[in-house]
Amino acid sequence: GQLGPVLEQLADYTENRQHTAQKLQMALIYPFVLIGVAIAVVTALMVFVVPEMVGIFAQTKTDLPPLTVGLIATSDFLTNQGWILGLAIVGLVVVTQRLLKNPVYKRMSDGVLLRVPGIRRILIGMDTARFSSTLSILMASGVPLLEALKIAGAVMNNLVLRAASQEVAGKVQEGSSLNRALSQEAFFPPMMVHMVASGETSGELE
């Protein structure tokens, strides 16, 4: 008799998740676009403008400051051997992608991201929202709390946060209340813990 409301919740959850993912992608892509444009401009200056300036400096036959000498050397490298740098960057990207398919390196990467202040807040906010929404839907459909915790934890993208959710499930299985188990993990926001505690007190956790 609860299938209709549960499906409605699921539809809302899916829509909100898609909307949030799009916003996050735009927020993350924009800085990389700016960095890419900046690199392209600097590279163009090094390859096309600096060589012209070298000819002018050669005609004056004056001693150049170390910074200018370094700039000219960089320009020569990009002009004559820039393809090596390009191959190195492509190789680095390919190797990084392969490493991130390994759970060990993926978890290390996720841990590093959680140490970056701005990114940490976004990742924790998204994954805990995904966790709580999934948990709410499962419990509203009659799934037992422990099983719902395990399923909700599995939908978290960050492996460090997923491990934290597994710790929560383990403590609940040992007899701890959900809000206490959540409060013992550093990643779950205090507001979420407070709302869970209120729900447990009122008997309306979902």
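First, a word on where things come from. This is a predicted model, in which local features need pLDDT of at least 70 and side-chain atom pairs count only at pLDDT 80 or more, while totals for chains, interfaces and linings use all residues. Residues are numbered from 1 along each chain as its sequence is written, and side-chain values use heavy atoms, with hydrogens and water left out.

The chain has eight helices and zero strands. Helices (H or I, at least four residues) and strands (E, at least two) are DSSP runs, numbered from the N terminus. Of its 206 residues, 25% count as buried, where buried means under 20% relative accessible area, exposed over 50% and partly exposed in between (1.4 Å probe, protein chains only). Take the contacts (heavy atoms within 4.5 Å) with a separation of 6 or more: residues 24 or more positions apart account for 53% of them.

## A helix to start with

Helix α4 covers residues 117-140, which makes 24 residues. From first C-alpha to last, α4 reaches 34 Å, close to the 34 Å expected at 1.5 Å a residue; the expected span is 1.5 Å times one less than the number of residues. Just after α4 comes G142, with a positive phi of about 95°.

## Two partners for α6

How do helices pair up? Two packed helices are described by the angle between their axes and the distance between the axes. Here, axes are lines fitted to C-alpha atoms, for helices over the stretch in contact, and angles run from 0 to 180 degrees between N-to-C directions. Angles under 35 degrees count as roughly parallel, over 145 as roughly antiparallel, 65 to 115 as roughly perpendicular and the rest as oblique.

Start with α5 (residues 145-154) and α6 (residues 159-173): their axes come within 8 Å and cross at roughly 175°, so the two are roughly antiparallel. On the α5 side you'll find L145, L146, L149, K150, G153 and A154, meeting R162, S165, A169, V172 and Q173 of α6. That contact divides into six nonpolar, three polar and two charged residues. For these classes, Ala, Val, Leu, Ile, Met, Phe, Trp, Tyr, Cys and Pro are nonpolar, Asp, Glu, Lys and Arg are charged, and the others, Gly among them, are polar.

Now α3 (residues 103-113) and α6: these axes come within 7 Å and cross at roughly 95°, so this pair is roughly perpendicular. P103, K106, R107, D110 and G111 of α3 make the contact with L159, V160 and A163 of α6. By class, that gives four nonpolar, one polar and three charged residues.

## The core

The largest nonpolar core has 24 residues, and F131, L135, L178, L182 and F188 have the most contacts inside it. A nonpolar core is a set of buried Ala, Val, Leu, Ile, Met, Phe, Trp, Tyr and Cys residues joined through side-chain atoms within 4.5 Å. Two or more residues each come from α4, α5, α6, α7 (178-183) and α8 (190-202), and α6 gives the most, with six.

Which residues does L182 touch? Leaving out residues up to four places away in sequence, L182 touches F131, V168, F188, M192, V193 and V196.

## Two residues to look up

V196 sits in α8 and is buried, with a relative accessible area of 11%. Its C-alpha atom is 5.6 Å from that of N179, 17 residues apart along the chain.

G125 belongs to α4 and counts as partly exposed, at 36% relative accessibility.
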